[in-house]
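Okay, thanks for coming, everyone. I've got one structure to walk you through today, so let me put it up on the screen.

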Amino acid sequence: MRKLTISSPVEHRLGCQLEQPSECESARGFEPRPGLRVSRNALMLAAVASVFAFAAPMARAQSSHDAAAAPVAGAVQAPSASAPQMALTASASMEVQPDTVLITLSAEVDAPDQPAAGRKLSAALDDLVKRAGGTEHVTVRTEGFGVWPVSNDKGKIGSWRGQGSIVLESAQFEAASALAAKLSDKSAISNIAFRLSRKAHDAAERKLLNDAAESFRQRAVAAASAFGFSGYRIVKLDLGGGGGNMVPAPRAMMAMAKGGGAAPPSEVPLRPDTITVSVDVSGTIALQ
């Protein structure tokens with residue numbers, strides 16, 4: 001008879017039924033009943049069922065352990081501590097004397113028709129540019145050119161008028177003033193303005209930047225102390241500024257007669273007002 005090696009009660013039972021059912025029954029103390037035939041498939045199904053019946057409690061225990069160990073989806077986590085933040089702004093400004101003058105001289109013409117008015121105005125502006133072209137330290141450019149109809153008493157076009165201008169720009173006030181006075185015999189001063197050059201504006205901003213930064217630091221320290229913190233950390237900084245734009249001169253000196261027998265002045269008085277230049281520092285700090 002073939003010998004079986006059985007490692008579990010289930011395997012032992014299955015081995016007995018498959019090999020020698022009668023001997024297994026005799027070994028347990030009774031004889032097999034006549035006509036009892038055990039199906040091989042039925043015995044295997046019974047064995048598998050026994051295995052699963054034994055393993056199910058262990059699987060449920062393991063599943064319960066895993067479920068307890070895994071984090072619950074959607075659970076609220078404890079927020080991490082973060083320092084409060086605060087927005088601050090500081091600025092510094094100063095009054096600066098402008099270093100550039102812009103003098104606008106205008107020419108007007110009249111003509112019976114539009115083409116004639118355009119040609120006459122072009123000739124007048126060309127004459128002004130040529131006369132101003134040789135002056136040292138003064139740049140000249142044209143600005144504005146227009147021709148429009150003039151109606152008579154009957155509402156019809158009676159003539160055409162044209163107006164154009166040139167601009168004298170210089171950092172030498174005396175040279176620009178003398179040139180404007182020279183050209184005023186055939187033109188009129190329509191505007192005088194002053195501004196800061198780019199070089200002067202940048203120099204003023206550099207001086208103000210340290211003051212604005214120091215003001216920002218002082219405000220940050222004061223804010224941290226007021227709310228019970230010992231210091232701060234800069235999170236974000238933005239730098240801005242303004243000023244340096246053109247400022248007009250008093251208009252009392254801008255209107256000058258054209259011809260009429262009046263002698264042109266020897267120079268145009270230029271007394272500029274100061275210009276305000278500012279630097280702004282804004283940012284966000286974290287109190288700590």
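So, how many helices and strands are there in the protein chain? There are six helices and eight strands; these are DSSP runs, H or I of at least four residues for helices and E of at least two for strands, numbered from the N terminus. Going along the sequence, you read α-α-α-β-β-α-β-β-α-β-α-β-β-β.

Some housekeeping. This is a predicted model, where local features need pLDDT of at least 70 and side-chain atom pairs count only at pLDDT 80 or more, while totals for chains, interfaces and linings use all residues. Residues are numbered from 1 along each chain as its sequence is written, and side-chain values use heavy atoms, with hydrogens and water left out.

Now the overall picture. Of the 288 residues in the protein chain, 27% are buried. Buried here is under 20% relative accessible area, exposed is over 50%, and partly exposed is in between, with a 1.4 Å probe and protein chains only. The accessible surface of the chain is about 18,900 Å², and carbon and sulfur atoms account for 55% of that; the areas come from the Shrake-Rupley method with a 1.4 Å probe, and for residues only the protein chains shown count as cover. As for contacts, meaning heavy atoms within 4.5 Å, take those between residues at least 6 apart in sequence: 82% of them join residues at least 24 apart.

Let's go to strand β4, residues 157–170. L168 sits in β4, and at 0% relative accessibility it counts as buried. What does L168 touch, beyond its neighbours within four places in sequence? The list includes V101, L102, I103 and L105, plus V138, A176, L179, A180 and L183.

H137 is worth a look: its phi is near 70°, a positive value in a residue other than glycine. You'll find H137 in the loop between α4 (114–132) and β3 (139–151).

Over in strand β2, residues 100–111, there's E108. At 44% relative accessibility, E108 counts as partly exposed. The side chain of E108 makes a polar contact with the side chain of Q163, at 2.9 Å.

Next up, α5. Its buried residues are A176, S177, L179, A180, A181 and L183, and they pack against β2, α4, β4 and β5. In the loop between α5 and β5 is S184, which is buried at a relative accessible area of 1%. The S184 side chain reaches the backbone oxygen of A181 at 2.7 Å.

And the aromatics? Rings of Phe, Tyr and Trp (its six-membered ring) pair if their centres lie within 6.5 Å; planes under 30 degrees apart are stacked, over 60 edge-to-face, and the rest tilted. That rule gives one aromatic pair. The ring centres of F173 and F194 are 5.6 Å apart with planes at 50°, so this pair is tilted. F173 lies in helix α5 (residues 173–183) and F194 in strand β5 (residues 188–195), so the pair ties together parts that are 21 residues apart in sequence. F194 is buried, at a relative accessible area of 1%.

Last stop, helix α6. The expected span is 1.5 Å times one less than the number of residues. For the 29 residues of α6 (residues 198–226) that should be 42 Å, and the end C-alpha atoms are 41 Å apart, which agrees. There's still a kink of about 30°, centred on L208, where the bend is the angle between axes fitted to the seven residues ending there and the seven starting there. L208 is one of the buried residues of α6, along with H201, A204, A212 and F216, among others. After α6 comes G228, with a positive phi near 85°.

How values were computed
Polar contact = N/O pair within 3.5 Å; in protein donor to acceptor, adjacent residues only side chain to side chain.
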